[in-house]
Every structure is written in structure tokens, then in C-alpha cells.
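Subject: Structure handover and notes

Hello,

Please find the structure below. My notes on it follow.

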Amino acid sequence: MSSAFDFEGFDPKESLNETLNQISRFVGILSALGCIFNVVVTICLGKSKYIFGKMVIILAIFDFSSHSPLIFTSFNQTSSRISCEIIGSWVGFFGFGCSVIFTTCLAHALYQILKDSSVDCVEQYFKKYVVLSLVTGIIAGTLAASLQYKDYHYYGNGKYLCITRHYDGFNWRSLLIVMTPATVSIVGCTFYYIRIIRTLKILNEEWHWGLLVYPLILIICILPTMIRRLSQLVEIRITSEVYIEISRGLFGAQGFLNSLAYGLSREVYDALRKQWCPNRMTESIDKSVSFSEIYDDETQIRENQHTIN
């Protein structure tokens, strides 16, 4: 029995890739704007002088590097073999490797703040966080470009799409470039996120959740894609187009969701209201405790630590 889609010239795989291209373009633009928002807000509110403000800016830059190729390679005017297979591939996977590892480092830093009751430990780890993330990103980007992980594929009728290159058999390239750093990050973020939540429950203190959901966002965004990549490695194909489209959308939405979590957090919201509407601030808002104030108040953190012990 013939299907309504069984007509000459129709390629369901091409149609899916075009849909994924449109999704990449849309979420890529949102994520890029979200990254810019985080950088601008952090600097304008004076939070860039604090260690976690610096980490927010660095993570936004890594996320921007990861998502920007999704935008350029999805437009015919800016897409080419060089932009797809070399520049976009290197920049995109450099940003991806840096982003997932640095998010894990952020989760570790948040936990250390609660565990050691001092921001000094995070400042000691800061350079190591950056170096570890950069090394991972450079390796991932270099492997992606040198092994031509992306393919500038011609579909005919003047149509070119930048897609992940198809490989027969065990795709060890995907294992090295994507799966390894992503798996390390998912495991690390899950571990530290659980420990952070447990510690916060013991403290029974109200903390702002802007940065605390960053590790959770990473897990939500990349886990569906990692499940699909893992199934491909063991030669189990996920054929659901809806699942593939959702996983692609989430994979490219990390920067946007990070900006929502950060921009809608009470700390940033209160700071923006205080800057633009100072006369309308209530007494309860003025007395709210921000991350930066907690970092400066060693006495309060140590009192919380006594509660844990």
C-alpha cells in the first residue's frame, strides 16, 4: 500500500534534516541572545567582580561558541563547506566541550561553597576549572574538524545542508567527540546537584536558584541526544522523528535556558528592580540575601556549616 508521501523526488531524510536545520536556527538564535544577555546583565549589575559572576560570563562565552555555528550553518548565505566542516565544526565542538565541563565545574564550585563555608576554595580552583574546560574543548574541536565529523551534504536542486556525517559500524568519532565529555558532565552534574540539594535541605536556608539549576539544565538539554547517540553506538536506531526533533531542540537550547534561569532568578530580578525602580523596592526585598552578599559574609556561612555538623 502506497503512502501519501511516496511520490517522486520526496526524500523523508532530507525533509527531517531540513526540519532539524530550522530547529537549530531557531534555538541557536535564542541561545546566542541568552548568552549575550547573561554577559551584559552580569557586567551591568557589577557581579563580574565576584567569582561566580566571572564563571557566569565564561560559561556564557562557551555556550555562545557552541550555539553560534548552529545559526551560521543553517542559513544558505553563510553556509559553505569550510564553515560547516572546518570552522563551524571546530568552533561548535570546542564550545560544546568547554561548556559541559565548565558547567560541571560550576556544580562542583557551588557544592564546595556549602561544604567548606568559604569562597576561597572556589577561587583556588578557578584557574583549574578554566584550563580543564579549554583543554577539553580544544581536543573536541580539533577532533571534530580533523575527522570531518560534520558533512556539507548536497541533496540536489541546489540544496546543501550541514549535517552530522554518517558512518557505518561503530562510530568511535561520536564516542570521542561528544559522548565522552557529555557523559562525564552528566554524571558529575548529577552527583553534585544531588549533594547540593541535600545540603540545602539540611541548612534549611533560602538560597537563590539562578545558578543552582545550571547543572540540571545541562542534564535536561543533552541527555536525550546522548541517549540517541548511545543507541546508535550499539546499533539500535531511534526512528521517531518527534524524539529526534525534541532532542535537537533541547541540545541547542542550553544557553537560552541558562539565561532564563539566571535572568528570572530573584537575585537578578531584585537587582534590576533596585537599579531601575529604586523607589518601588520593598523592605523585604532590600533585606534579601544575594549570592555575592553570602560570599562576603563568612560568619553567616560558618554558622550554616555548624548546623550541618
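Buried means under 20% relative accessible area, exposed means over 50%, and partly exposed is in between, with a 1.4 Å probe and protein chains only. On that scale, buried residues account for 50% of the 309 residues in the chain.

Before the details: this is a predicted model, in which local features need pLDDT of at least 70 and side-chain atom pairs count only at pLDDT 80 or more, while totals for chains, interfaces and linings use all residues. Residues are numbered from 1 along each chain as its sequence is written, and side-chain values use heavy atoms, with hydrogens and water left out.

Overall layout

The chain has twelve helices and two strands. These are DSSP runs numbered from the N terminus, with helices being H or I of at least four residues and strands E of at least two. In sequence order the pattern reads α-α-α-α-β-β-α-α-α-α-α-α-α-α. The accessible surface of the chain is about 15900 Å², and 62% of this belongs to carbon and sulfur atoms; areas come from the Shrake-Rupley method with a 1.4 Å probe, and for residues only the protein chains shown count as cover. Contact means heavy atoms within 4.5 Å. Of the contacts between residues at least 6 apart in sequence, 76% join residues at least 24 apart.

Nonpolar cores

A nonpolar core is a set of buried Ala, Val, Leu, Ile, Met, Phe, Trp, Tyr and Cys residues joined through side-chain atoms within 4.5 Å. The largest one has 57 residues, and the members that touch the most others are Phe-52, Met-55, Phe-93, Phe-102, Val-122, Tyr-214 and Ile-222. Two or more residues each come from helix H2 (51–72), helix H3 (81–116), helix H4 (120–146), helix H5 (172–203), helix H6 (214–233) and helix H8 (254–263). H3 contributes the most, with 15 residues. Another core, of five residues, lies apart from this one and includes Leu-16, Leu-20, Ile-23 and Ile-244.

Beyond its neighbours within four places in sequence, Phe-102 is in contact with Met-55, Ile-58, Leu-59, Phe-62, Tyr-129, Val-130 and Ser-133.

Aromatic pairs

Rings of Phe, Tyr and Trp (its six-membered ring) pair if their centres lie within 6.5 Å; planes under 30 degrees apart count as stacked, over 60 as edge-to-face and the rest as tilted. By this rule there are eight aromatic pairs. Phe-62 and Phe-94 are edge-to-face, because their ring centres are 6.5 Å apart and their planes stand at 90°. Phe-62 belongs to helix H2 and Phe-94 to helix H3, so this pair ties together parts 32 residues apart in sequence. Both Phe-62 and Phe-94 are buried. The pair of Tyr-111 and Tyr-192 is tilted, at 6.0 Å centre to centre with 40° between the planes. Tyr-111 is in helix H3 and Tyr-192 in helix H5, so the parts tied together here are 81 residues apart in sequence. Tyr-111 and Tyr-192 are both buried. Ring pairs also link Phe-62, Trp-90, Phe-94 and Phe-102 into a cluster.

Helix H8 and Asn-38

Seven of the ten residues of H8 are buried, so this helix is largely enclosed by the rest of the structure. The buried residues are Gln-254, Gly-255, Asn-258, Ser-259, Ala-261, Tyr-262 and Gly-263. Asn-38, in helix H1, has 3% relative accessibility and therefore counts as buried.

Surface patch

Ile-29, Leu-33, Ile-36, Val-40 and Phe-64 form a nonpolar patch on the surface, with about 410 Å² of accessible area together. Patches are made of residues with over 30% relative accessible area and no salt bridge, where like charges are joined within 9 Å and nonpolar side chains (Val, Leu, Ile, Met, Phe, Trp, Tyr) within 5 Å. A salt bridge is a side-chain nitrogen of Lys or Arg within 4 Å of a carboxyl oxygen of Asp or Glu. Helix H1 (residues 12–44) supplies the largest share of the patch, four residues. Ile-36, in helix H1, is partly exposed, with a relative accessible area of 43%.

Regards
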